[in-house]
Amino acid sequence: ESKFLGLVFSPQIVYTCFDIAQRTLFTVRKYKGAYHAETDRIFLDNALLNDSSIYPLLECLFHELRHAHQARQTHLLPYIPEEYHDLLLVRQIEQIAQEFDHYKDGTDSDAYHQQLCEQDAQSYAQEALYEYKLLWR
């Protein structure tokens, strides 16, 4: 999936108990995964490994990989010529960059779910999981 997204260097995946991660890198409320851009790491809750189905783990991983992809897209903004800044794609990347700078972590569920970065990551994760399910039939 990293290769499909063009992530030449895949983020490191760390399985952890979110009670510990919550006190160190970021605030995690009830979520099973998180992407930390500064360290380029995806954190997945150990509980995902205990699920009887692999699908929740994959969906969470796909969601966080999409955040890694989004973060790399935001790094391109300074190199995009001004005449292209009205393109929908560029406007979306700019919006995601702003959301990353002022991230709503989930303490307000509505604000969290209204972020384009979260809507895009969730949509991507669901589509990718659907594709994998088709391959595994």
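Me: Two strands count as paired when DSSP finds at least two bridges between them. With that in mind for this predicted model, how many bridges join strand 1 to strand 3?
Reply: Strand 3 covers residues 41–45, and strand 1 runs parallel to strand 3. Pairing takes at least two bridges, and the number joining these strands is 5.

Me: Thanks! Which residue in strand 3 is the bridge partner of I13?
Reply: Look along strand 3, residues 41–45, which is joined to strand 1 by bridges. The bridge partner of I13 there is I42.

Me: In what order do the strands of the sheet stand?
Reply: The sheet is open, has 3 strands and shows mixed pairing. Strand 1 (12–16) and strand 2 (33–36) each have a single partner strand, so one side of each is left without a neighbour in the sheet. Neighbouring strands are turned by 20° against each other on average, direction ignored. With strands 1 and 2 at the edges, the order reads 1-3-2.

Me: What share of the residues counts as buried?
Reply: Buried means under 20% relative accessible area. The protein has 137 residues, and the share of them that counts as buried is 42%.

Me: Which helix lies across strand 1, strand 2 and strand 3?
Reply: The helix in question spans residues 55–74 and runs at about 20° to strand 2. The helix lying across these strands is helix 3.

Me: Which residue forms a salt bridge with R72?
Reply: R72 lies in helix 3, and its partner sits in the loop between strand 2 and strand 3. The closest N and O atoms of the pair are 2.9 Å apart.

Me: Does R66 count as buried or partly exposed?
Reply: The cut-off for buried is under 20% relative accessible area. D120, the salt-bridge partner of R66, is partly exposed with a relative accessible area of 22%. R66 has 17% relative accessibility, so R66 counts as buried.

Me: Now for the surface: what is the area of the nonpolar patch made by I13, Y15 and L49?
Reply: One of its members, L49, lies in the loop between strand 3 and helix 3. L49 counts as partly exposed, because its relative accessibility is 48%. Together I13, Y15 and L49 make a nonpolar surface patch of about 270 Å².

Me: One last thing: what percentage of the accessible surface of the protein belongs to carbon and sulfur atoms?
Reply: The accessible surface of the protein comes to about 8,800 Å². The part belonging to carbon and sulfur atoms is 52%.

Methods:
Residues numbered from 1 in each chain as written. Predicted model: local features only at pLDDT ≥ 70, side-chain atom pairs only at ≥ 80, totals over all residues. Heavy atoms only, no water. Helix = DSSP H or I, 4+ residues; strand = E, 2+ residues; numbered from the N terminus. Axes fitted to C-alpha atoms, helices over the stretch in contact; angles between N-to-C directions. Contact = heavy atoms within 4.5 Å. Patch = residues over 30% accessible without salt bridge, like charges linked within 9 Å, V, L, I, M, F, W, Y side chains within 5 Å. Areas by Shrake-Rupley, 256 points an atom, 1.4 Å probe, with all protein chains shown as cover. Salt bridge = Lys/Arg side-chain N within 4 Å of Asp/Glu carboxyl O. Buried < 20%, exposed > 50% of the residue type's maximum accessible area, 1.4 Å probe, protein only.
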